[in-house]
Amino acid sequence: MKAYIFPGQGSQYVGMAKEFAEIPAAKELMQQSDELLRVHLTKTMIDGPEDMLKQTDYTQPAIFLHSMLALRFTGDHEMPQAYAGHSLGEFSALCAAGSMNFEDALSLVHLRGKLMAEAGKRQQGTMAAIIGMDAKVLKDLCNDIETETGNIIRPANYNSPGQIVVSGSIGGVHEAMKRAKEKGVRIAKELPVSGAFHSPLMQYAADGLKEALASATISAPQIPVFANVSAEPHCDADSIRTLLVEQLTAPVRWEESVKNMYDFGIREFVEFGPGKVLQGLIARTLNEVGVSGVEKPQ
């Protein structure tokens, strides 16, 4: 059994989707995306500048668009038995599964990026990758920091065994990095992000997204889409709305999602979109599964 998976923020790069612009039908979809969002999205994807592409309100629709181009214009694909996406990639997965149409999903992802950027300005925060620490030990460490200092610090992405991202106030994240290093972790590195994603500091963005999702047309997926918040398949349209809102302030349970897909019967994972981030995470999580990616026209 096969799953299609979709990357999140951090996989973007200048020149992404360049080859798709040479395919007439794909180029038309790219132009339609520019017109819908009223921004020079595809030009920024292909030509940069990198600083603009790194801005959350450009990054998120850029990755979503690249994923959809890879899904639509890279030959005939057999129907998978499951979908999943990391953070914003969950929108790509839901769109691929038919729960949202392309235009609505693209607009929601663009709005999500803008709201998250604004939330980062209203309540400054940051994130850090912690490599080589047990998940429970790290969660307890974060709890201790919050209790002792009052600074927000939470596990934000459970990516793979021993690879976790924490998120919160600048003071909280810096203290977590310090204490993790004192415990001998291999890596404790701050990430170049514009806010404390997947933490309570994203509540402004969650409130705004909740309002937009309330009026969005969403249907239950016919093929299971594993949700970041629960690590289980989405059930219905209302739960999709709820979990997409919760996802902004709750951790991404990617490692658990991957293991649950394996238990569901998935033995092959195909990543659609820029980069190979999810392929690497799955290879570090599971043995004896097939892992591949579709990034360019084949």
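Analyst: I5 stands opposite E271 in β8. The two strands concerned are β1 (residues 2–6) and β8 (residues 268–272), which run parallel and are joined by 4 bridges. Strands here are DSSP runs (E, at least two residues), and helices are DSSP runs too (H or I, at least four residues), numbered from the N terminus. Two strands pair if DSSP finds at least two bridges between them.

This is a predicted model: local features need pLDDT of at least 70, side-chain atom pairs count only at pLDDT 80 or more, and totals for chains, interfaces and linings use all residues. Residues are numbered from 1 along each chain as its sequence is written, and side-chain values use heavy atoms, with hydrogens and water left out.

β1 and β8 belong to an open sheet of 5 strands. Its order is β7-β2-β1-β8-β9, with parallel pairing. β7 (225–226) and β9 (290–294) are the edge strands. Each has a single partner strand, so one side of each is left without a neighbour in the sheet. Helix α5 (residues 89–96) lies across β1, β2 (82–85) and β7. Contact means heavy atoms within 4.5 Å. α5 runs at about 155° to β2. Such angles run from 0 to 180 degrees between N-to-C directions, with axes fitted to C-alpha atoms, for helices over the stretch in contact.

Now the other sheet. It is open, has 4 strands and pairs antiparallel, in the order β4-β5-β3-β6. β4 (153–160) and β6 (187–190) stand at the edges. Each of them has a single partner strand, so one side of each lacks a neighbour in the sheet. On average, neighbouring strands of this sheet are turned by 20° against each other, direction ignored. Strand β3 (residues 126–131) runs antiparallel to β6, and 4 bridges join them. I131 has I187 in β6 as its bridge partner.

Helix α7 (residues 135–149) lies across β3, β4 and β5 (163–168). The angle of α7 to β4 is about 165°. Helix α8 (residues 170–182) lies across β3, β4, β5 and β6. α8 runs at about 15° to β3.
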